[in-house]
Amino acid sequence: MEIRILEETCTGCELCIPSCPFGALTMEDRLPGAPPPPPDSVTAKVARVWESCVDCDLCLPVCPPVAILHDRPEGTAAVPSTPGSGILVAGDLGPTGLRPSTRRVLRRARELANTLGCFLTCLLTPRVDPGTACKDAIACGADRVLLVDATDTNPEDGLGLPALLAPILAKEQPEIVLFPDSIRAAALAPRLAERLGAGLASPCHEVDLDLSTRQLLQRVPLFKGLGLGELVCAATRPQMAVLRTHQLPDPMPDGSRDGEIVQWNLRAEI
Ligand code: SF4
Ligand code: SF4
């Protein structure tokens, strides 16, 4: 955790508390020996950062006296994310492996991950041996494939998946979750967003980034497709979007890419 509160500067205004999508900020009493509150303080309490902080920087711009600091290691400009954060693509499997729509979303997600300097995870929920799909996902840009056994869920309607995946995403804490447009995503994405209390844009014609805030710019059709509007999830995480894929280019798979394949053991994790 690289976020720190300057206790001698914090006025206790509480503006930062709702800005944290991960619940990592609270107001606490000052500890004995801590710096006294500044003269313009509104309370004797001080903001505190907890271990659930993922160093996303969303709280920094909301603090009027600039009492929240990001102590970056020397020489690092951007915030590198851990394998458990970054971007996650909830991929679809077909009878012969990754569906083409998932491969296209992985390509776009790889570009976004390169821009953010973060990890890209492809989440797959196979009901049978996924075969070469994991290696294909890595060749298309994933740094890691997360396999979650979905044997007990219906693969078509996605109705059992939200309950299965919500605790996994809550633990993984991705900044961004992307879905390829599909019948399964239409059922899964809104239910998952509701369980996570996250914002969802669906369908998006395209997605981009505001690097200054690490916000996902989600371009959605307006007026029966005559125009595009831009949505952002200002205060909730993850930022979730279902991406239209027919206009996205196919990836050029790189079979020499390295990646990790992780089998999620739900019972061991929660
Ligand atoms: S850096 Fe992000 S996760 Fe950490 S306290 Fe600020 S808003 Fe919350
Ligand atoms: S850290 Fe900044 S925004 Fe948060 S309570 Fe202190 S002064 Fe207010």
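How many C-beta neighbours does I3 have inside 10 Å, and does I3 count as buried or exposed? I began with this residue. I3 has 20 C-beta neighbours inside 10 Å and therefore counts as buried.

**Basis of the entries**

I note that this is a predicted model, in which local features need pLDDT of at least 70 and side-chain atom pairs count only at pLDDT 80 or more, while totals for chains, interfaces and linings use all residues. Residues are numbered from 1 along each chain as its sequence is written, and chains are lettered from A and ligands numbered from 1 in the order in which they are written.

**Entry 1: I3 and I68**

I located I3 in strand β1, residues 3-5. Helices (H or I, at least four residues) and strands (E, at least two) are DSSP runs, numbered from the N terminus. Beyond its neighbours within four places in sequence, I3 is in contact with V49, C53, D55, I68 and H70; contact requires C-beta atoms, placed from the backbone, to lie within 7 Å. I3 and V49 are 46 residues apart along the chain, and their C-alpha atoms are separated by 7.2 Å.

I then turned to I68, which is found in strand β4, residues 68-70. I68 counts as buried because it has 22 C-beta neighbours inside 10 Å. Leaving aside neighbours within four places in sequence, its contacts are I3, I5, C16, C59, L60 and C63. I68 and T9 lie 59 residues apart in sequence, with 8.9 Å between their C-alpha atoms.

**Entry 2: the surroundings of ligand 2**

Which residues are closest to ligand 2? I found 14 residues around ligand 2, the closest being C10, C13, C16, A47 and C63. A residue is near a molecule if its C-beta atom, placed from the backbone, lies within 6 Å of it. By class, this shell has 11 nonpolar, 2 polar and 1 charged residues. Here Ala, Val, Leu, Ile, Met, Phe, Trp, Tyr, Cys and Pro count as nonpolar, Asp, Glu, Lys and Arg as charged, and the others, Gly among them, as polar.

**Entry 3: the sheet of 7 strands**

I traced an open sheet of 7 strands with parallel pairing, in the order β11-β15-β10-β5-β8-β9-β16. Two strands pair if DSSP finds at least two bridges between them. The edge strands, β11 (200-204) and β16 (260-263), each pair on one side only. From one strand to the next the twist averages 20 degrees; axes are lines fitted to C-alpha atoms, for helices over the stretch in contact, and angles run from 0 to 180 degrees between N-to-C directions. Strand β9 (residues 144-147) runs parallel to β16 and is joined to it by 4 bridges. The bridge partner of R144 in β16 is E260.

In edge strand β11 I found P203. The peptide bond joining S202 and P203 is cis, with omega about -5 degrees.

**Entry 4: helix α4**

Helix α4 (residues 183-196) has 14 residues and reaches 20 Å from its first C-alpha to its last, close to the 20 Å expected at 1.5 Å a residue. The expected span is 1.5 Å times one less than the number of residues. In α4, the buried residues are R184, A185, L188, A189, L192, A193 and L196. An α-helix has 3.6 residues a turn, so residues three or four places apart point the same way. The buried residues of α4 pack against α3, β10, β11 and β15. G197 follows the helix with a positive phi near 65 degrees.

**Entry 5: the sheet of 3 strands**

I found 3 strands in a further open sheet, ordered β12-β13-β14 with antiparallel pairing. β12 and β14 stand at the edges with a single partner strand each, so one side of each has no neighbour in the sheet. β13 and β14 pair in the antiparallel sense over 5 bridges, and R219 stands opposite E230 in β14.

**Entry 6: backbone details in loops**

R214 is found in the loop between β12 (206-210) and β13 (215-222). Its phi is positive, near 60 degrees, in a residue other than glycine. R214 is buried, because 20 other C-beta atoms lie within 10 Å.

Q173, in the loop between α3 (161-172) and β10 (176-180), also has a positive phi, about 55 degrees, although it is not a glycine. Q173 counts as partly exposed, because it has 19 C-beta neighbours inside 10 Å.

Conventions:
Buried ≥ 20, exposed ≤ 12 C-beta atoms within 10 Å, placed from the backbone. Contact = placed C-beta atoms within 7 Å.
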